[in-house]
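Visitor: Hi, could you walk me through this one? I'd like to start with the strands and then look at charged pairs.

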Amino acid sequence: MDKILILDFGSQTTQLIGRRVRDLGVYAEIIPGDRSLEGVFPAEASGAGTHRLRGVILSGSPESVYTPQGPVPDRRIYESGLPLLGICYGLQRMTHDLGGCVEPLPEREYGGVGVRVRMPGKADCFPNREAALRFLAAFDPAIPLADIIAGNALAEDSGERTVTAWMSHGDTLTRLAPGFREYGTSLTGFPAAVLHEERPWFGVQFHPEATHCERGNEALAAFVFGVCGCTRGWSMEQYVEEIRASLPARVGDNPVLLLISGGVDSTVAAALLLTALKSAQVHLMYLDTGLMRKDETRIVAASLERLGARHLHIVRCEEEFLSALKGLTEPEAKRTVIGDLFITIQEREVSRLGLPDSCFLAQGTLYTDLIESGKGVGKKARLIKSHHNVGSPLVDAKRRAGRIIEPLDRLYKDEVRRLGRVLGVDEEIVRRHPFPGPGLAVRILGEVTKEKCGILREADAIFIEELKKRAAPAIDREGAYKQGSSLYDEIWQAFAVLLPIRSVGVAGDLRTYGWVLSLRAVASADGMTADVYPFPLKDLLEISTLITNTIKEIGRVTYDISSKPPATIEWE
Ligand code: XMP
């Protein structure tokens with residue numbers, strides 16, 4: 001299968017480049033931009049592994065090339081003979097590394113900027129002309145994306161085209177590196193698209209991966225198909241076939257244990273194991289902590305049984321969790337106790353299963369959980385909340401023994417959902433919003449009790465059910481027309497939070513003193529940042545009335561209008 005390598009220099013949109021290339025049907029892998037490429041060339045370029053490396057994209061960066069912090073790629077990329085596409089910093093990096101000059105702009109440029117692209121005329125001959133015409137086809141509005149994907153679209157060989165590109169940069173090229181030509185100039189007067197006369201090297205000062213970049217997807221497609229000559233091979237059906245071929249060979253007849261959380265990732269991982277291996281060798285374990293959403297255990301169990309699970313071990317441990325949480329009110333204390341107890345119970349129950357040492361441990365780890373990029377080269381994320389479901393002695397021991405399998409480790413979240421659909425996982429689970437490991441315990445502020453879990457579970461279920469029933473506004477916030485989508489599917493994550501305060505109300509002639517509930521709903525791409533979902537007020541009012549009419553313990557409903565940052569998505 002053809003592959004594009006993306007060198008991540010720390011831009012916020014590097015992940016987006018990867019997603020766009022994959023959505024075009026080509027496998028893309030992101031690695032830190034300053035990593036040594038020893039062994040990568042020429043082995044992968046010759047197709048020695050399962051992937052044939054066809055081209056390299058150099059991402060943007062918050063840094064500048066002329067400072068020591070500016071990340072530097074392994075020079076082997078310039079000697080590999082592979083096509084290169086530099087995006088923003090990536091272009092500046094190539095320019096700087098190959099003998100050109102990059103300097104600061106008087107003022108940072110941000111947003112939509114017109115770019116005039118000149119197509120080479122008939123008389124304009126140079127060795128890289130054919131590839132250049134394929135790349136520049138991206139900027140001809142008359143050429144449809146499908147033709148570019150087919151790989152044979154050529155730019156008309158004369159004239160100029162203007163597109164509104166999307167920029168975010170504080171530096172510019174002030175002298176091109178030897179051998180480069182400028183083919184695109186921004187209407188603000190600096191080089192916006194360049195290409196090399198002899199080698200298949202291209203650079204753009206704008207961000208083709210950004211949604212608002214006109215002909216951006218076409219530019220990536222022109223590079224991937226027209227210049228690199230990739231063929232489409234990346235699809236979830238293909239992925240299933242690959243796993244079916246490779247997993248049995250890796251695992252043999254040994255048993256495989258997977259700990260299920262009830263979320264999308266682990267359920268899809270279970271479905272993948274069940275399709276690739278004999279169901280008798282797949283052991284699934286699920287801890288019902290009593291901190292789950294309404295009916296969660298029943299839905300997950302039913303779905304896994306339908307998928308052919310024969311060894312589904314459901315451990316009921318509500319009492320253990322509630323008694324460990326008794327009297328605790330501080331968020332980190334609650335998280336720590338839950339995390340520790342999870343591990344204790346897991347170890348106990350796994351040893352109770354009596355599986356042999358040769359047993360493999362499967363995990364629903366995603367691509368984004370694994371890659372060292374995304375946080376930016378060399379930057380470390382600070383601890384805001386301790387996530388209990390990261391690492392455990394069991395995972396560590398199996399990793400040391402080389403007995404971990406992570407069958408989703410090449411997938412993005414939206415690909416996991418697509419894979420789930422291909423594998424026949426229930427739609428109810430596939431479209432489900434994320435849910436934190438510590439469950440309702442971090443959505444009940446203050447002390448967690450069985451009674452409060454019950455109240456919150458019912459309120460949350462009403463909220464979610466209503467979001468699924470209600471249609472999203474036909475026009476989304478960016479003005480695009482959307483049809484047939486429910487509010488639930490439009491929202492990244494929605495849930496109810498039970499506050500540790502009560503307030504006075506009236507029911508008939510009687511005074512009430514009920515709990516205060518907050519509804520939370522956010523729009524987000526990855527949970528790292530989030531915007532408050534701008535509900536139509538009518539929906540909020542109706543849902544609030546339904547909750548207070550149905551659950552007598554709740555006297556008042558509020559809506560949380562804080563974005564992340566400064567707030568986090570969960571309240572604790
Ligand atoms: P925050 O609250 O940090 O949440 O803005 C970001 C995303 O992570 C989820 N979350 C967790 N997921 N274990 C998880 O698997 C956890 O301990 C945990 N805490 C928060 C949260 O629901 C949101 O999607």
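Predicted model: local features only at pLDDT ≥ 70, side-chain atom pairs only at ≥ 80, totals over all residues.

Guide: Happy to. Residues are numbered from 1 along each chain as its sequence is written, and side-chain values use heavy atoms, with hydrogens and water left out.

Visitor: Thanks. In what sense do strand 3 and strand 4 pair, and over how many bridges?

Guide: They run in the parallel sense, with 3 bridges, and strand 4 covers residues 84–87. Two strands pair if DSSP finds at least two bridges between them. Strands here are DSSP runs of E with at least two residues, helices are runs of H or I with at least four, and both are numbered from the N terminus.

Visitor: Which residue of strand 3 is the bridge partner of Lys3?

Guide: That is Leu53. Strand 1 (residues 2–8) pairs with strand 3 in the parallel sense over 6 bridges.

Visitor: Why is strand 3 described as largely enclosed?

Guide: Because 5 of its 7 residues are buried, strand 3 (residues 52–58) is largely enclosed by the rest of the structure. Buried means under 20% relative accessible area, exposed means over 50%, and partly exposed lies in between (1.4 Å probe, protein chains only).

Visitor: Switching topic: how many salt bridges are there?

Guide: The count is 41, taking a salt bridge as a side-chain nitrogen of Lys or Arg within 4 Å of a carboxyl oxygen of Asp or Glu.

Visitor: Nice. What is the N to O distance for Arg22 and Glu415?

Guide: It is 2.6 Å in that salt bridge. Arg22 sits in helix 1 (residues 14–23) and Glu415 in helix 14 (residues 413–423), so the pair links distant parts of the chain, 393 residues apart. Arg22 counts as buried because its relative accessibility is 2%, and Glu415 counts as buried at 1%.

Visitor: How far apart are the closest N and O atoms of Arg520 and Asp560?

Guide: They are 3.2 Å apart, in a salt bridge. Both Arg520 and Asp560 are buried.
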